[in-house]
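User: I would like to learn how to read a structure one feature at a time. Please give the general idea for each, then the case at hand.

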Amino acid sequence: MARGSEAAGGEAAGSIAWERSSWAMRLRNLDPTILLWLLLIAVLLFLVINPLLRLVLTSFAEKDTGLFTLANYAAAYGRPRYVEALWNSLVLGTAVSALCLVLAVPIAWGVSRTDMPAKGLVRLLVLGTFITPPYLGAIGWILLAGPNAGWINRIWRGLTGAEEPLFDIYSFPGLTFIIAIYSFPYLFIFVTAALDVVSSEMEDAAAILGAGKWRTTVRITLPLVLPAILGGVIVTFLEAIALFGSPALIAIPARFNVVTTQLWQFFSHPARVEVAAAFAMPLLLVTVALFRLQQRIIARRGFVALTGKGGERRPIALGPWRWAMLGYALLVLSLAVVLPYLILGQAAFAKAWGRGFSLDNLTLDNFHFLLFQHATAQQSVVNSFLYAAATACIALGLALAIAYIVQRRLVPFGGVLSFLCMAPFVIPGIVLAIGFYAAYAPPPLSLYGTAWILILAFTTRFLPIAFANASAAMRSINPEMEDAVRILGGGRLLAIRRVIVPLLKTGLVGTWLLVFIPATRELSAAIFLYGPDTRTMAVMLFDLSEEGNFERLAALGWLLLAATIVIVAVGYRLVGRDFMLRRGSSD
Amino acid sequence: MRQTILGWAAAAALVIAAAPAARADFTQLYEAARKDGELTWYTAHFTTQQAEETGRAFEKKYPGIKVNVVRTTAQVAYQRLNQDMAAGVVKCDVFSSTDIGHYIELKKKGALLAHTPENAGKVGEPFQKLDPDGMYHATAAGLIVIGYRTDKLKPEELPKNWTDLLEPKWRNKISTGHPGFSGYVGTWVVTMEKLYGWQFFEKLEKNRPQIGRSINDTVTMLNAGERIVSFGPTATTLESADRGNPVGVIYPTDGSLLMVSPSAIIKGTSKPNAAKLFMEFLLDVENAQVAVKNRQESLRPEVRPLAGAKPYTEFKIIRPSDAEVAAGIPKAIERWRDLFGG
């Protein structure tokens with residue numbers, strides 16, 4: 001926009017005819033990409049602002065009349081229990097983020113920067129963690145660490161003769177653990193993506209100046225990827241406070257309350273959507289505060305790692321410590337994937353899992369039933385992957401474009417755009433879904449019952465992940481490379497196509513996966529928006545758990561794991577090693 | 001499940017062959033319904049599988065009419081219906097919730113079509129005349145009883161009635177749902193309070209029950225071995241037992257809690273005849289057959305439950321009034337959460 005007015009800036013006022021030609025001139029001189037940016041803002045308006053605005057308005061509206069009122073806020077915060085839920089969520093989010101840092105950053109560093117062995121296996125297991133729906137993992141952990149019958153506690157009692165369980169999953173630490181162990185892949189992927197592009201030269205410089213490996217890592221390498229770490233921490237924090245399934249499984253028996261379980265209460269009959277909306281507002285404010293904080297922390301430093309000037313990457317030799325590194329990674333990942341799936345397998349392959357493990361109790365019937373007999377199981381598997389793929393493509397395109405215009409300051413209100421991209425993450429899925437249903441189910445769009453309402457809601461819901469990742473990646477690219485294209489006469493789009501996209505390619509695939517995978521397991525928005533022909537796998541898992549059909553629930557969990565592994569394997573074939581392993585060694 | 005379908009088909013064939021004369025004639029209604037071609041059914045009554053089975057059974061009996069089954073939980077179904085109404089569109093033709101409060105509210109708003117199906121008079125006595133004005137009708141029923149681990153409790157150790165479970169020996173052994181998440185549990189809490197006062201729950205709290213959400217969570221906790229007795233549903237517990245799990249049910253001597261779930265036609269439906277025919281079907285013998293195969297209660301006296309379950313005529317039934325439930329549940333949820341936390 002600035003360019004357009006500049007071009008016409010020096011002209012004096014004149015006749016109407018002149019004005020017309022001036023407009024034509026303005027249009028001619030207009031950078032055509034401006035139109036693209038305007039379109040993007042319109043899309044954001046559609047996906048985020050409209051549903052969000054409805055949410056805010058609802059929180060100030062009287063139930064039937066729609067008149068302005070503050071009564072909803074009084075109702076939402078009028079009881080100590082409700083406020084306590086809010087506090088619990090904040091503590092939970094902080095604890096989860098801290099634990100995720102401990103879980104993810106060392107493994108990410110090990111995989112990306114060191115000569116740790118079996119990196120492929122570690123990456124595969126992280127992927128396995130990531131595709132596991134948190135509530136499925138939580139069920140696995142109930143079986144592992146339930147106070148009475150959990151395997152870990154049974155073994156503990158057998159060994160020590162103790163009365164008390166070793167670890168009671170039904171507790172605040174239990175919930176923190178469960179959420180962290182299934183959220184740390186966000187942070188892992190953010191951090192490895194950033195570490196992968198840091199060249200060894202900077203580390204070498206530190207080494208030349210006499211810094212040891214440890215000091216170099218802490219003072220040079222990790223600070224270089226600070227934006228990625230902060231982005232990942234924020235995402236895990238928001239994930240922790242917006243999650244419904246795991247708190248419902250763990251917090252209710254543990255007898256404490258968090259925001260999402262409280263929101264669910266506001267939705268139960270008689271539903272008080274307006275109170276729920278008021279109750280969701282602090283989450284939005286927390287998000288704003290987090291982003292302010294992030295900006296302040298990284299504002300004063302530069303994080304440009306991709307300069308286009310070449311660079312070398314060498315893994316750091318850890319010596320015998322590389323085995324310790326691998327041991328740590330495998331410990332974390334067996335807690336996240338191996339043990340839960342083993343124990344779920346006992347149910348998935350059992351005729352009656354309550355009977356325990358025995359040869360005559362083994363069967364494949366649960367799989368056979370899901371694949372060939374269930375009315376909607378097959379369709380729901382296909383739906384999940386289709387919608388998730390569409391979501392990933394749309395969200396990625398949108399996030400990249402917005403990250404670009406924000407970072408290159410092409411529009412005056414970039415900060416607002418960033419916030420809008422990140423805001424949906426804290427809106428609990430069910431609240432977002434209601435905003436979408438209210439906005440787009442009725443005519444004129446009548447999207448209800450179509451795949452589009454799901455895809456658009458998912459896109460909105462996961463836009464923050466795509467955006468956080470895309471903007472971290474964008475921040476690492478030196479604008480000089482683009483400027484070079486433009487100095488040589490290339491347009492902005494050419495620069496994007498030929499410089500930015502190729503540089504970001506591996507990161508983009510990672511980001512795509514980061515949206516695709518959670519979209520396949522997304523529950524809270526889906527459960528409100530699906531129609532007769534658009535049921536997804538996550539909805540089915542939830543139905544099966546609600547129906548108490550545990551054998552089939554576990555079998556479906558295994559199918560989900562298998563299907564995603566197949567997709568990733570196909571991805572390998574199509575895209576090459578980059579798809580998941582990115583850079584196996586320095587290149 | 002294949003067995004279920006075969007069994008159902010055989011049973012249906014038998015019924016159709018044996019009693020054609022006793023059954024109402026819907027030829028005219030069917031003809032009119034065929035012109036409607038399809039209907040949309042928002043249902044929270046059954047499991048997804050059973051809801052689909054019901055839809056397919058209807059389509060088989062009445063070819064040419066398609067049922068769009070939208071199966072969700074009761075609150076989601078109701079929320080959607082309200083959104084539809086706010087937008088001035090009727091997407092749902094027949095509405096089947098498990099929450100009686102929904103119907104009381106819909107009726108007040110004038111959103112229901114007054115229509116009494118012919119089959120409404122042929123269901124068992126406890127299921128008749130749910131609404132004096134014939135706006136909604138009982139189309140599904142379940143029971144809340146005591147569930148237990150058959151391999152961990154000897155017959156002489158079994159509790160006989162609800163209050164037996166307040167004894168200290170059941171400490172850390174009981175599993176229950178949450179009234180804030182399950183209408184079944186909510187109704188059960190209201191009923192227990194009515195019978196034994198709130199002290200029932202104060203004593204129960206001392207036994208540290210495991211609190212899940214859905215009433216079906218109790219079955220999972222029994223199977224996991226985390227707990228050995230439950231305040232649980234007949235349907236899911238017996239279904240789990242059918243698969244070979246070591247669980248069973250006890251009908252408490254002080255009364256099994258009967259849960260009746262209604263269905264209604266939404267006013268303004270563009271498929272009135274298909275909707276009416278579908279209501280007839282929900283009250284018909286075929287649907288009762290599908291129900292007992294899925295371990296739900298049969299509404300029709302001529303369809304008896306499978307082994308392991310008793311017909312409602314053979315044990316004591318308790319059931320609070322709709323008004324008691326509607327008024328009692330919100331209060332019960334608050335008191336429950338004050339007592340148990342979470």
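User: How many residues of chain B are in contact with chain A?

Analyst: The size of an interface is often given as the accessible area lost when the parts come together. Here we count residues instead. In this predicted model, 45 residues of chain B are in contact with 43 residues of chain A. On the chain B side, the elements that give two or more residues include α3 (48–61), β2 (66–71), α4 (74–86) and α12 (322–340) of chain B. The largest share, five residues, comes from α4(B).

User: Which classes of residue make up the side of chain B that touches chain A?

Analyst: That side has 13 nonpolar, 25 polar and seven charged residues.

User: Where should I look for a nonpolar core, and which residues touch the most other members?

Analyst: In soluble globular proteins, nonpolar side chains tend to be buried together. The largest nonpolar core here has 281 residues, and those that touch the most other members are V191(A), A399(A), V515(A), L529(A) and F278(B). Helix α9 (residues 172–195) of chain A gives the largest share of this core, 17 residues. To see what one such residue touches, take L529(A): leaving aside neighbours within four places in sequence, L529(A) is in contact with A433(A), F436(A), Y437(A), I453(A), L454(A) and A457(A).

User: Is F177(A) buried or exposed?

Analyst: The test is a count of C-beta atoms, and a residue is buried if 20 or more others lie within 10 Å of its own. F177(A) has 21 within that distance, so F177(A) is buried. F177(A) lies in helix α9 of chain A. F177(A) and V96(A) are 81 residues apart in sequence, yet their C-alpha atoms are 7.2 Å apart in space.

User: What does chain A look like as a whole, in secondary structure and burial?

Analyst: Chain A has 27 helices and zero strands. Of its 587 residues, 49% are buried. Among contacts in chain A between residues at least 6 apart in sequence, 78% join residues at least 24 apart.

User: Why is strand β9 of chain B called largely enclosed?

Analyst: Count its buried residues. In β9 (residues 256–265) of chain B, 10 of the 10 residues are buried, so the strand is largely enclosed by the rest of the structure. S256(B), L258(B), V260(B), P262(B) and A264(B) point one way, and L257(B), M259(B), S261(B), S263(B) and I265(B) the other way.

User: Which strands pair with β9(B)?

Analyst: Look for bridges, then for direction. Strand β4 (residues 136–149) of chain B runs antiparallel to β9(B) and is joined to it by eight bridges; A141(B) has V260(B) as its bridge partner. Strand β3 (residues 94–96) of chain B is also antiparallel to β9(B), over three bridges, with V94(B) opposite I265(B). Strand β10 (residues 317–318) of chain B runs parallel to β9(B) and has two bridges to it, and there L257(B) stands opposite I318(B).

Note on methods
Residues numbered from 1 in each chain as written. Chains lettered and ligands numbered in written order. Predicted model: local features only at pLDDT ≥ 70, side-chain atom pairs only at ≥ 80, totals over all residues. Buried ≥ 20, exposed ≤ 12 C-beta atoms within 10 Å, placed from the backbone. Helix = DSSP H or I, 4+ residues; strand = E, 2+ residues; numbered from the N terminus. Pairing = 2+ DSSP bridges. Contact = placed C-beta atoms within 7 Å. Nonpolar A, V, L, I, M, F, W, Y, C, P; charged D, E, K, R; others polar. Core = buried A, V, L, I, M, F, W, Y, C linked by C-beta atoms within 7 Å.
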